[in-house]
Amino acid sequence: MLSIHAINRSFKGHQALKDISFEVHDGLMTGFVGANGAGKTTAMRIILGVLAPDSGEVRVDGRPITADDRAQFGYMPEERGLYPKMKVHEQLVYLARLHGSSTAGAGRRADALLEQLGLGERRNDTLESLSLGNQQRAQIAAALVHEPTALVLDEPFSGLDPMAVETTLEVLRDVANAGAPVLFSSHQLDVVERLCDSLVILAHGEVRAAGTRDEIRAAHTRPEWVLETDDAGFVRGIGGIEVLEFDGGHVRFAAESAEAADRVLREAIERGTVRSFAPSIRPLNQIFQEVVR
Amino acid sequence: MSVTTPAGTAASAHNRRGRTGFWAATGIVAQREIMIRLRSKAFIISTAIMLALILAGVIFSSVGPALFDEDTTVAAVSAVAPALQGMDGIVVDTLGSADAVRQAVQAGTVDAGVVQGRGASGLLVIGDRETPSALVQMLSVTPEVELLDPNAPNPMLTYFIGIAFGIVFFSSAITFGQTIAQSVVEEKQSRIVEIMLAAVPARAILAGKVIGNSVLAFGQIILIAAVVLLGGAVTGSQLLLDGLGMPIVWFVILFTVGFVMLAALFAAAAALVSRAEDLGTATSPLMMLVMLPYIAVIIFNNNPVALQIMSYVPFSAPVAVPMRTYLQTQAWWEPMLSLGILIVFTVLVIGFAAKVYERSLLKTGSMIKWKDALKA
């Protein structure tokens, strides 16, 4: 498990990160969401040790992170770049060797990754001869080629077409499924909502929400239900219920407990036909807008 | 919310792999620097052209003068012709009259003419536009000359040897200095350096670059030295074999150490900028440092005091020490002292450059000042 503990970092008087703490669990894909300038890149650079925090620390399995740990991480920086004039396969092997892989092992792994990402035929082309989307795939391969024990990816999906997003996702899933923590940032909330097991929402250098989707929803919404019946007016009379929205046969209400909600359903069945009764789920997007404000 | 997967143990098993060691990382970086350069057609071709030019220069310096050593044709009237016979490099064309001689000179069919004259020598030398000084000298009475230092190097030759050392130093240092600078800024500009820094220490990257490029520069200098010495052996040039052997050895030794110092400085300078376009500004002070010995040796090649000072200044020692070795104006221990000074200075410079490099590598935007790079 990767934990970020009470990290502060300022740049020339501007505090980019304010006492942030969150966790990236093994085997989970954790989305790191926030508007531009929220501090995602700074936080990721600090995790990788490319930048030093003013205070606070990064921990791996509860102990302070070491250079040895970091050398095993896979990292995709915000600003993309590999050697423009070097062949794709060759630079993957080079990077893997810097991370401690053997030449032969790195070669096999690079081949497999390029194949998986649909770049198999371009292995001996120079990076600059690839399209931007393909360069992006090569960049992802570069983060994965040394079989990282954790992945930190800054906007891995930006610039990818939907097909490429899917193939990339598969590759990242493989890493998570192998037990590694995977952290990736994105400002495309819909992508994150769909892909992530867990989320960290950052705004103005602060963690505004963190946890699994359900946990975040639970923390940021009161349980709500929606009932569709003939005449929902009776709901107002039931104890422990607050009606939020009412329109003839449609009512949205908050209940202090599940039992209170059940009483509404029982009452509704006795009074007429229940067309629909379900918990109301707020889209993450709404919560996001709310928490980053 | 913690999820434990069976594969989690596999991930922690990876952790034991550890970080790539400093020298292993240095080796991997150096290997790439060398490989990229050796694969570059431009590099191979320019090296081949340079070696060919140097070889041509060596061959020309020994056989060239003979090619231009033409005989001088002199027209003479029969009365003075015997006096000219048997002179080295003079072909005598005996004509009937002084007028015929004058016409021949004017027409350019002969290089000069000699007729009877009224002066003390009884000869009158006729030239077309300028005094045929070689002929005049041969016909003059030469006083006896005693040379106190008959083995002293020819000043012209000294001058050219100085320039040759200067040019080789200058061009190799600039070529490889620029190469290392470009390689640093390429990594900075493309941000691949962020990925590298997460894996290996900045100093290992710097060391790899300096070592890789130094090996290449050393290889090139050795090739040049080999071509010069072999060319000298083949053409039997005494100058190259006797006089220049030791100076070349000293040059190679001092250049190699001096290059390591310059390479570290070029890498540090390049780390100050974020874009290849700004490289010129960042490296221009270094260009001056590299040009200094080249210019100084041209100006001071005949000034023993200046050369002595230059031989103790780390930036000019690689040129000045070989010059002094050639001129034999130094005690046996002086080159050793120069080398010692250079090595100590190089170690200090590497420490300084590593600091600047390490601290500037992740800073982007406009060019960082040297001062600020050290402060941060």
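User: Which strands of chain B does helix α5 (residues 98–107) lie across, and at about what angle does the helix run to β3(B)?

Analyst: This is a predicted model, and in it α5 of chain B lies across β1 (72–77), β2, β3 and β4 of chain B. The helix runs at about 165° to β3(B). Angles here go from 0 to 180 degrees between N-to-C directions.

User: What makes those strands an open sheet, and which ones are the edges?

Analyst: The order is β2-β1-β3-β4 in chain B, with mixed pairing. β2 (90–95) and β4 (123–126) of chain B are the edge strands, as each pairs on one side only. On average, neighbouring strands are turned by 25° against each other, direction ignored.

User: How do you know that β3 (residues 112–116) and β4 of chain B really pair?

Analyst: Pairing takes at least two bridges. β3(B) and β4(B) have four bridges, so they count as a pair, in the antiparallel sense. Within this stretch, B:Val114 stands opposite B:Val125 in β4(B).

User: Now the contact between chains: how many residues does each one bring?

Analyst: Chain B gives 29 residues and chain A gives 40. On the chain B side, α1 (8–15), α2 (22–39), α7 (155–190) and α8 (192–199) each supply at least two residues. The largest share, seven residues, is from α8(B).

User: What kinds of residues make up that side of chain B?

Analyst: Sorted by type, there are 15 nonpolar, eight polar and six charged residues on the side of chain B that touches chain A. Gly goes with the polar ones in this scheme.

Conventions: Residues numbered from 1 in each chain as written. Chains lettered and ligands numbered in written order. Predicted model: local features only at pLDDT ≥ 70, side-chain atom pairs only at ≥ 80, totals over all residues. Contact = placed C-beta atoms within 7 Å.
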